[in-house]
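Colleague: Please take a close look at a single residue and its surroundings in this model. I would like the contacts and the geometry around that residue in one connected account.

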Amino acid sequence: MAKQERLDTPGRRSQWIPRVRVSDDAFGDFAESAARFMGTGRFIVWMTVFIVLWIVTNQIAPGIFNDGFPFIFLTLLLSLQASYAAPLILLAGNRQEARDRVSMEHDREVAAQSRADMDFLAREIASLRARMNDVATRDFIRSELKDLLSELEQHEEPEAGKAKLAAED
């Protein structure tokens with residue numbers, strides 16, 4: 001049976017050009033790599049070499065590229081390169097800005113959590129310090145023991161005297 005076009009189904013036309021499916025990030029990755037390359041000294045050096053060679057070739061042998069003094073074809077090539085480079089650089093910048101925004105939000109969340117943890121620890125330390133006022137410290141125990149020892153020594157002296165007198169009798 002031959003393929004029939006259905007009139008009751010909208011948008012079901014056969015296409016002459018096949019659809020190309022590319023992931024959303026594929027072009028963005030390409031834009032970032034292109035922008036990264038265009039921002040290097042190597043690109044500037046090679047672009048300068050290309051332009052100098054173009055001008056020298058057209059001055060020495062004008063028949064090769066047939067682009068005389070105003071270098072209109074060179075200007076067209078540079079304009080074309082710039083018209084493609086600008087959107088690629090903007091796209092790469094936008095993607096970097098989005099990554100920076102996500103990173104900043106994460107940093108804010110981490111900072112807020114760290115702040116909450118520090119506040120909690122500060123409250124815990126303050127409560128421990130308050131509880132430490134009720135706890136006997138080493139110096140306090142030593143002073144109490146010295147006082148008790150001196151009291152015991154005072155009580156032993158009269159008893160020692162009585163025991164001495166009793167031994168003499």
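Modeller: Setting aside neighbours within four places in sequence, Arg95 is in contact (heavy atoms within 4.5 Å) with Asp25, Gly28, Asp29 and Glu32. The model is predicted, so local features need pLDDT of at least 70 and side-chain atom pairs count only at pLDDT 80 or more, while totals for chains, interfaces and linings use all residues. Residues are numbered from 1 along each chain as its sequence is written, and side-chain values use heavy atoms, with hydrogens and water left out.

Arg95 itself sits in helix H3, residues 72-134; helices here are DSSP runs of H or I with at least four residues, numbered from the N terminus. The relative accessible area of Arg95 is 18%, so the residue counts as buried. On this scale buried means under 20% relative accessible area, exposed over 50%, and partly exposed in between, with a 1.4 Å probe and protein chains only.

Next come the charged pairs. A salt bridge is taken as a side-chain nitrogen of Lys or Arg within 4 Å of a carboxyl oxygen of Asp or Glu, and by this rule the count comes to six. One of them joins the side chains of Arg95 and Asp25, at 3.4 Å from N to O. Because Arg95 lies in H3 and Asp25 in helix H1 (residues 24-38), this pair ties together parts that are 70 residues apart in sequence. Asp25 is partly exposed, at 46% relative accessibility.

Arg95 also forms a salt bridge with Asp29, where the closest N and O atoms are 2.9 Å apart. Asp29 is in H1 as well, so here the parts tied together are 66 residues apart in sequence. With 43% relative accessibility, Asp29 is partly exposed.

A further salt bridge links the side chains of Arg95 and Glu32, at 2.9 Å from N to O. This pair connects distant parts of the chain, with Arg95 in H3 and Glu32 in H1, 63 residues apart. Both Arg95 and Glu32 are buried. Through shared partners, salt bridges join Asp25, Asp29, Glu32, Arg95 and Arg99 into one network.

Gly28, Ala31, Glu32, Ala34 and Ala35 are buried in H1. Viewed down the axis of H1, its buried residues fall within an arc of 165°, so they line one face of the helix. That arc is taken from the directions from the helix axis to the C-beta atoms. The cover over the buried residues of H1 includes H3.

The two helices pack at an angle of about 110°, and their axes are 8 Å apart. Axes are lines fitted to C-alpha atoms, over the stretch in contact for helices, and angles run from 0 to 180 degrees between N-to-C directions. H1 and H3 are therefore roughly perpendicular to each other, a label given to angles of 65 to 115 degrees. Residues making this contact include Asp25, Gly28, Asp29 and Glu32 of H1, and Ala92, Arg95, Gln96 and Arg99 of H3.

Conventions: Parallel < 35°, antiparallel > 145°, perpendicular 65-115°, else oblique.
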